[in-house]
Amino acid sequence: MRTIAIALTLFLIPAAGSAVEQSSAGATSKLDALLAAKDEHGKPIITPEERAYFDGLNDNLKELLNQAVQKEWITRPEHLSVLLSLGLRPQKMELLLQNNCVLCHSDSGNQSADTLFTVASATTTSVSHMNLKEVVEDIHFRRGVSCAGCHGGDPTADLGHDFVKEWPEQHRQKNRAWVVQFCTRCHSDPAIMHQFNPALPTDQLAKFKDSPHGQTLLVKHDDRAPSCVSCHGVHGIRPAKDPQSKVYAQRVPETCGACHADPKIMSGFTRADGSPLPTNQLAEYRTSVHGRALLERGDLGAPACNTCHGNHAASPPGLAQVSQSCNLCHSANASLFDGSKHKHAFEQHKWPECGQCHGNHNIAKTHDSMLATGQGQLCGDCHRQYAKGNPECIPTANYFHETIDQMDQARTRFISVSEKLAAKGLDVDPINNELTELGDTLKKSRTYVHSFSRNTFQQVTAPGEKAVQRTDALVTKAREEYKYRQIGLAVSISLIGLLMLALYLKLRQLEK
Amino acid sequence: MGWYYFGGITMFFFIVQVVTGVLLLMYYQPGEATAYESIRFLTTKVPFGWLIRSIHSWSAHLMIISLTLHMFSTMMLKAYRPPREVTWVSGYLLFLLTLGFGFSGYLLPWNKLAYFATTVGTNIVKSVPLLGSWLLEVLRGGQDVTINTLYRFFAAHVVILPLAFVGLIGLHLLLIQRQGMAPPIGEKVAPRGMKFFPSFALRDLLLWLACLMLLLTLTVFLPYGPGIPGMDWELGEKANPMAPAYPGIKPEWYFLWEYQLLKEFPPHLFGLEGPQVCLLLIAVLFGIWAIIPWLDRRAYHHKPSPAFSDLGWAAILFLTYLTLAGWDIGGGGAGSEAASIRNVARICAWWTLAAGTVVIVVRYWLYEDRWFILTGAVLLHVALHGLVGLPYVLAGLISLVVAAIAIAISSMRRSPADSRNTM
């Protein structure tokens, strides 16, 4: 009996194994058939690149694809081609293959054009929410929120569009205010947000409500005002630190400019004084010292729009806030200005402090000539008009300008002299040390102009003026040293020459 | 016969090296925190410190130039023939020691330029078959160029090499004193039958004074060298082993030909690594050079040996092309790196061909030489590589085969005549 049981087991095991193999082979052959399918011209539908991508997939992903084919989520080779053409990394491919919403909405065989994901080249600038390449990059998708997180339903169910009740499907194009409420269901809830990242703020809605954007959208119900998706995108939302994010520092100007540089969108919007809102900010910013630093040099420390205007609470800085915005980086200049005579005068005239001389969006690189007092020059023009009775103004500005100009010219001249002396083999370390001090003083002097006080300015420039004198003395000394070397050489050569002559004469005498 | 004076001139520069070297030693402190600083202090604060360092550097380069001229003139005049074979070998070893002086002294200021050039230079020994890694570690005192490398280079530069050099130079001078100057082939005595003292010694002294004048003038007007890559000793920044190597690091000019030859070899050749084959070739070339007195059978029997004169000129042209290419002559302004390499090969080939033509014409008309096979082979090599665009090694092999056939034909034609002469 025992022998029969063993024999039966031995007989059945290979049979069971064979059944599993047959079933698996069936599924694989289905997938293989899709992979090998050809179009009416006999050309393979799966391209060699897609095939190579498939061959490189790990066993788990191949099995997931198998299952999708077996369950008939993927029935057409064209559909398989779309998925393989994405060339996703394994983790993203796994997320995608477990999401029936994506599988169904990426099949052009059973979806109309307006509910179908496209796989056109990644359109990072467009607000298109149907690009599959963008969808798989979405932070929500990657953190597991997926389609159902917003749209409801069950992404693992076979079929279903069980949308959440709050989803205003019928009126969503008419009133965009719902978007803000919709996103902040999670983003204003610390309990939810802390599950993902405890450092994420949850006060965006509170800030937005008070901002001009929020007032326009939520109170005036003007759909031209931005909602969350206007800046962050819809599907394909990336973290702000991702260089491809629409709110990454270097892309912020372009994102804000999408509306603020468009006269059509901005028409009818006015400033507090009733004047129309300009649309040249982006163009001006691009040419400014800040714009060049951020956009051309890639200096992420340089300010973008949101650095001065804020993010969710974005608003134009009022008179008092301009200096506070600048103060964030230019603190030394700002504190000197606060203690200067100009502070009071500017307040009386209701001038924006820094912006009055430096401009706002078009801030150019400062130049020493700004201190000049001639016609058409900043200090001179302003003082002739507004401080006629003050005899101190023009001479003080002239003093600032001349002092800085002299130090700058001296420094440029000494750098060139130092290089020449170094090439002659002279010790230029002491000269270079003085030049470093002169450079530091120059920087400091340009800052201390903002004290608008001759005494304060003089205290800072005094070491620089002394450095110029010391450098001058060192250069003279180095030149004398070189002259000494040349004279020494001439004397040595003369002596050696005399010795050679004597030797030559002796040689002639000996050989005679 | 001015060629006879280059030995004396080399001797003068060596004496200058010893004197200035001892003076430098009074201030130089080898060490991570002191090597660079002490040289900086010496050149900026110590009275005439700049002069001593600059003379030492200029004299080092001039010594190598005069030594090379001395070696080639000895070779061309066949002064190595019996009984002066040992003089040749001792001189050859002195030449190698001088290169060792240059290589070890270069690192001592511990500046950025020297550090990376030494890293690149020492890295070459890694390709020596079997012993490479061990040799590299012995040379560097570890896996990398560190302060331990500086210590052993310092020891070599001021103790080991000078001891060996003094011993060899003693032998070299003793042999010259015993055997006298070598007369040219076919003459019985040295030129004009000059006595060593006072005639030759006083002339030498006159030349030494002229060299001193030249040295001082160069030192005052070009204290950091002529500004040619590989001949520049401005101190610059301190070495920083953690900093990344910067592009365009090149060795001193007298090692440039080896550096360029290594670059010309492909990564793999004949089942070996390219650099290994290249090092073997360099070893063979150096080996041939050392035993020339025994190879040159005609000179051995005091007969004219035009083939070996031609070998000397071929060696000069071979080194000329590689050194010019190592300097990237004609490399500026070309778009891509590949275009730049092709351009350098082309321009350097033209210069070498021009120099080769001048050499052949002068030898033909002035010295009535008629044997140009090896010079021709080098020029063919350069033309095939630089102008036709063949790889350097392939062009070299073709030229070698052509030269071998030409030599075989030439020797077959001469053999009957030779046999008649000997009879």
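## Starting with chain A

Select chain A and colour it by burial: of its 512 residues, 23% are buried. Keep in mind as you go that this is a predicted model.

Now zoom in on Leu35(A), which sits in helix H1 (residues 2-36) of chain A. Is Leu35(A) buried or exposed? It counts as buried, because it has 21 C-beta neighbours inside 10 Å. Leave out residues up to four places away in sequence, and Leu35(A) touches Ile46(A), Arg51(A) and Phe54(A). Try the distance tool on one of these: Leu35(A) and Phe54(A) are 19 residues apart in sequence, with 9.1 Å from C-alpha to C-alpha.

## Over to chain B

Hide chain A for a moment and select chain B. Here you'll find 16 helices and 2 strands. Of its 423 residues, 35% count as buried. Taken along the principal axes, the C-alpha atoms fill a box of roughly 75 × 60 × 40 Å. How does the radius of gyration of chain B agree with that of a compact globule? A compact globule of 423 residues would have a radius of gyration near 22 Å, and chain B has 23 Å, so the two agree. For contacts in chain B with a separation of 6 or more, 69% are between residues 24 or more positions apart.

Show side chains on the buried residues of H1(B), among them Phe6(B), Ile9(B), Phe13(B), Val16(B) and Leu24(B). What do the buried residues of H1(B) pack against? They pack against H3 and H8 of chain B.

Colour chain B by its domain assignment: domain 1 (2-258) and domain 2 (305-423). Their centres, taken over C-alpha atoms, are separated by 29 Å. Where the domains meet, 9 residues of domain 1 of chain B are in contact with 10 residues of domain 2 of chain B. On the domain 1 side, H3 and helix H9 (256-264) of chain B each supply at least two residues, and H3(B) gives the most, with 3 residues. That side divides into 7 nonpolar, no polar and 2 charged residues.

Now for the largest nonpolar core, which has 80 residues. Select Leu108(B), Trp110(B), Ala314(B), Tyr321(B) and Val378(B), as these touch the most other members. H3(B) gives the most to this core, with 12 residues. Both domain 1 and domain 2 of chain B give residues to the core, so it lies between them.

Centre the view on Leu108(B). Setting aside its neighbours within four places in sequence, Leu108(B) is in contact with Tyr28(B), Ala35(B), Leu150(B), Phe153(B), Phe154(B) and His157(B). There's a second, separate core of 27 residues too; to find it, select Ala372(A), Ile404(A), Leu426(A) and Val468(A), which it includes.

## A few backbone stops

Select Pro82(B) and Pro83(B): a cis peptide bond joins them, with omega about 5°. Pro83(B) is in the loop between H3 and helix H4 (85-107) of chain B.

Then hop to Leu130(B), in the loop between helix H5 (112-123) and helix H6 (132-140) of chain B. Leu130(B) isn't a glycine, yet it has a positive phi of about 65°. It is exposed, with 8 other C-beta atoms within 10 Å.

## Where the chains meet

Bring chain A back. Which residues touch across the chains? On the chain B side, 18 residues are in contact with 18 residues of chain A. Helix H3 (49-76) and helix H8 (196-221) of chain B each supply at least two residues of that side, and the largest share, 13 residues, comes from H8(B). Colour that side by residue type and you'll get 13 nonpolar, 4 polar and 1 charged.

Technical notes: Residues are numbered from 1 along each chain as its sequence is written. Chains are lettered from A and ligands numbered from 1 in the order in which they are written. This is a predicted model: local features need pLDDT of at least 70, side-chain atom pairs count only at pLDDT 80 or more; totals for chains, interfaces and linings use all residues. Two residues are in contact if their C-beta atoms, placed from the backbone, lie within 7 Å. Helices (H or I, at least four residues) and strands (E, at least two) are DSSP runs, numbered from the N terminus. Ala, Val, Leu, Ile, Met, Phe, Trp, Tyr, Cys and Pro count as nonpolar, Asp, Glu, Lys and Arg as charged, and the others, Gly among them, as polar. A nonpolar core is a set of buried Ala, Val, Leu, Ile, Met, Phe, Trp, Tyr and Cys residues joined through C-beta atoms within 7 Å. A residue is buried if 20 or more other C-beta atoms lie within 10 Å of its own, exposed if 12 or fewer, and partly exposed in between; C-beta atoms are placed from the backbone. Domain bounds come from an automatic or database domain assignment. The radius of gyration is taken over C-alpha atoms; the globule rule is 2.2 Å times the number of residues to the power 0.38.
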